[in-house]
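Subject: Structure handover

Hello,

Here is the structure for your files. Please look it over before reading my notes below.

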Amino acid sequence: MGAQWKAKHKDIAANAKGRMFTKLSKEIMQAARNGADPDMNARLRMVVEQAKKASMPRDTLERAIKKGAGLLGEAVNFERVTYEGFAPHRVAVIVECLTDNVNRTASEMRVLFRKGQLGVSGSVSWDFDHLGIIEASPLQADADIELAAIEAGAQDFELLEKDEDGEGGGALFYTDAADLDLVCRALPAQGFGVNSAKLGYRSKNPLTLGATELEEVEAFLAAIDACDDVQEVYVALAG
């Protein structure tokens, strides 16, 4: 959870599918501003692969690429904005947004952080590492995660637990920011299929909370994640 917070409950995840497609579309449009060919645009290639893994409809994916590249005659101007602060119980949080209206997003963040504390730039990011984060699943049951990390050039890895329905699992591989695309390309040969890849944040000092405190923090994070402009939420929580 120190790398990226995700809603744990299956009903929440199911209801958020449409919102996930919206967020992926915005990332695709933003990446496609640097070129519509995924083979020549590493950022676009990684987001497209993530969208395919999430079963985004092909028409939706292709339209997002064309729109972002300016091939449909529509101007796309999303700005990436990062907010820092604290959730309840002084848990550090970094929120990444893609927005077409910075003033609107700033106003929404002030409201959402009322149960915590909205900070200024640098107030918590000093306690996070900015790196490449790759979520991958083993292609064979006997895939060796440690060997895969070494051979692919990852700096570290973390096993992901399966949920109560037996879904999920796999691993997170952490890379230097500059090596993200290289490690993504190397992992399949080491027995791991890439589900998603992005630049993000990982807490240096994640906190461990009791059940009651954790429930408060998760409610706070769920409200932030529901904001249409929010792309990613990173939190300094262990586990």
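This is a predicted model: local features need pLDDT of at least 70, side-chain atom pairs count only at pLDDT 80 or more; totals for chains, interfaces and linings use all residues.

Residues are numbered from 1 along each chain as its sequence is written, and side-chain values use heavy atoms, without hydrogens or water.

Helix α5 spans residues 102-112. Helices are DSSP runs of H or I, at least four residues; strands are runs of E, at least two; both are numbered from the N terminus. Thr105, Ala106 and Met109 of α5 are buried, meaning under 20% relative accessible area; exposed is over 50%, partly exposed in between (1.4 Å probe, protein chains only). The buried residues of α5 pack against β1 (79-87), β2 (91-99) and β8 (230-235); contact means heavy atoms within 4.5 Å. Asn103 and Arg110 are exposed, on the face of α5 turned away from its buried side.

Phenylalanine 157 sits in strand β5 (residues 156-159). Phenylalanine 157 is partly exposed, at 29% relative accessible area. Leaving aside neighbours within four places in sequence, its contacts are Ile145, Glu146, Ala149, Leu172, Phe173 and Tyr174.

Now the pocket. A pocket is an open set of points on a 1 Å grid over the protein atoms alone, where a 1.4 Å probe fits, with protein on both sides within 12 Å along at least five of seven lines; lining residues have an atom within 4 Å of a point. The second largest pocket is lined by 14 residues, with Glu49, Cys184, Arg185, Pro188 and Val194 nearest its centre. Elements giving two or more residues to that lining are α3 (42-53), α7 (180-186) and β7 (192-203).

Best regards
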